[in-house]
Amino acid sequence: MLNADQIRDVINQRAQARTFSDKKVHDVREEMWRLHDKGELVVIPIEKKNRPVEVETLFGWKKRIPTDYLWHHKSCGQCGNIPGYPASLLWFMNQFKTHYLNEPHQTSCTAWNYHGSGTSNPVALAAVAVRNWHRAYETGTFPLIHCGTSYGDYKEMRKLLIENREVREKVRDIMHHMGKELAIPEEIVHYSEWVHVKRNDMAGMVKMKLDGITAAVHEPCHYYKMVPEDAIYEKDTNGGQRPAPPTALIQALGAKVADYSTWYDCCGFGFRHILTEREFSRSFATLRKIKPMVEEAHADVAITTDTGCVTTLDKSQWIGKSHGMDYMLPVLADVQLAALAAGAHPYKIVQIHWHSSPTDSLLEKMGFDVAYYKKDFNSYIEELQRGREPDMLYKPHDEMEKYFAVNKGHVIMDN
Amino acid sequence: MTVLQNLPRRGPKGTEPSMVIGGARPRDEKTEELAAKIFSEFKSDFRYKEYVLGCINCGECTTGCPAARFYNFSPREMLQIAYQDDPLVLLDAMQEKIWACCQCYTCNMRCRFGNDIAGIISVMRELAVRNGLDSAKEVLKPYSRILLAVMTNGTQVSPDMIQPDFFADWGPFAVAKQTDIKTLRKAIPIDVLQVTDSSWEVSMQTSLELFQIYTESGVVDMLKSIDPDLVEMIEDIVDEWKDEFEEMKAKYGVGEA
């Protein structure tokens, strides 16, 4: 049995010695800085105010994770049908007094659509990425990417913009037409990486019972399979053989992580499939993921770190009843589990009522008085219906920002 | 389920179209011309040389492929098709098989050559759309609402999409919330999420900049190949927004830069 150091060496040697082809894995960040120095692009730097924490990736390369002054690059799937996902993240940032911006001046990466339908192209995808990154740049913040697909796509776009002059020039032209620069962040950072480096702070906030909880982890494909060399690996987590997030967090919170045979499989999302061909998605999710998570890992909850995975694993279970597969395994994002562990309101903050698979038994096992919180939330809903202003995690944007991108009181626009 | 009819299925032995033997389907001049055009675009795409590096038919990609478990689909076969020089075989694969792929990138991670198999399938999908193939039109027919959303506000899923008649399989908990979705959205403590027709509220300037990207990068023209009516609708919406944007400039005293 190899130890973690030996495994890393083997992986590194294999990657560097792919004699079948000329393809070598190299660190595009070095060339990115060279292009920055030549004025070809602008690197959005991680500064002291971002309070970065250093981690290691697959080959032991260093990656800096900024923890403050962040620009939330939201996920369309999370905001659309798992709103407790971003709400839990912002709630933690408020607890830690993290500076952040969560704005209407963002589009999605549009890669869900691209991977599902093919109705885009490299220039458009790269330009969409740069337009979003630039908004963080002009507001003095650093982009934190919520979605696994956006994270993977943006790393592909970073590589494309660095290595392909023609695409870079076309994107730069489009940006100039909008009064923007071709800006690329120093690192592409997933929210789960922020959670990962803050895990001990989160563990210090635990109020609920986690020691009786067994979690099965689904590692999102687009976190570690699209650009494998940039995902966080740690020697002490999963033996260094699988990404460290979210396993290290779950263990820090005090829960148990149990293994299952199909951990490497995707969730069955499929991009187009989850929307218009769900026969595939629900069959794959149930048979290849939920079933082994329950029957092999005896999990109380499935934990993952991506939009599509939470959606697919959660929504695909109910129909399984018609085939006698009544698993009903709760499915949460890592940050939702952490927020619950810290005693956040299951409905007002974690918004767990948006999940399709039942969560009452999990909440009770963690020590929540489910009936009390449901009653409290229902009262809140009734008050909202009577016209009460909703509780907010930050001061709402001014009406003007429905139209214009504003920074420190100034409208930022070229046309 | 009707949505499956566009995807490959295993028929009785001997009835499947061959995906690897050129000339297995009827040839006509029009089809050969289209195949030659697509083949030329495919091989000259800058990504081709980066993505297709070689193959020893080891099948590692296919053993990890989720789509291969449920469809007559194999990433190994797709790579072989990409590798060989048969325009008609390529066109044949683009009629159906490319749409089975889940884009999970498991094949890429397992491939010893470092092939980007998921990526080359994306290139094939782009070409199917750009050339207005019937398969693209058919497969993307139920996708119009998503295309409308992604082209106008740049997000793909809105809360009001989860309608009971279309998402019945997600169960009563998923669809019941439609009964008072506005209040439930208001109960999310994030202002930009308190909408029902978009994942979050996207500012008008952002939407207009997005459409500018789509126009200048050729995506709008690309979409016209498969759904010109949808493009016309999107352009009407954007034109209205441009007028409203000018009105808002006057209202808020935002001058010309």
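Helices here are DSSP runs of H or I with at least four residues and strands are runs of E with at least two, both numbered from the N terminus. With that convention, helix H10 (residues 144-152) of chain B is followed by B:Gly154, whose phi is positive, near 75 degrees.

The model is predicted, so local features need pLDDT of at least 70 and side-chain atom pairs count only at pLDDT 80 or more, while totals for chains, interfaces and linings use all residues. Residues are numbered from 1 along each chain as its sequence is written, and chains are lettered from A and ligands numbered from 1 in the order in which they are written.

Within H10(B), the residues B:Ile146, B:Leu147, B:Ala149, B:Val150 and B:Met151 are buried, a term that applies when 20 or more other C-beta atoms, placed from the backbone, lie within 10 Å of a residue's own. The cover over these buried residues includes H5 and helix H13 (273-276) of chain A, together with H13 and helix H15 (228-252) of chain B.

Contact between two residues is taken to exist if their C-beta atoms, placed from the backbone, lie within 7 Å. On this basis the contact between the chains takes 86 residues from chain A and 76 residues from chain B. On the side of chain B that touches chain A, helix H13 (residues 204-216) of chain B gives the largest share, 9 residues.

Chain A holds 18 helices and 13 strands, and 56% of its 415 residues count as buried. Its radius of gyration, taken over C-alpha atoms, is 21 Å, which agrees with the value near 22 Å that a compact globule of 415 residues would have; the globule rule is 2.2 Å times the number of residues to the power 0.38.

An automatic or database assignment sets the domain bounds, and for chain A it gives domain 1 (24-192) and domain 2 (195-376). The C-alpha centres of these two domains of chain A lie 25 Å apart, and 41 residues of domain 1 are in contact with 40 residues of domain 2. The largest share of the side of domain 1 of chain A that touches domain 2 of chain A, 8 residues, comes from H4(A).

Conventions:
Buried ≥ 20, exposed ≤ 12 C-beta atoms within 10 Å, placed from the backbone.
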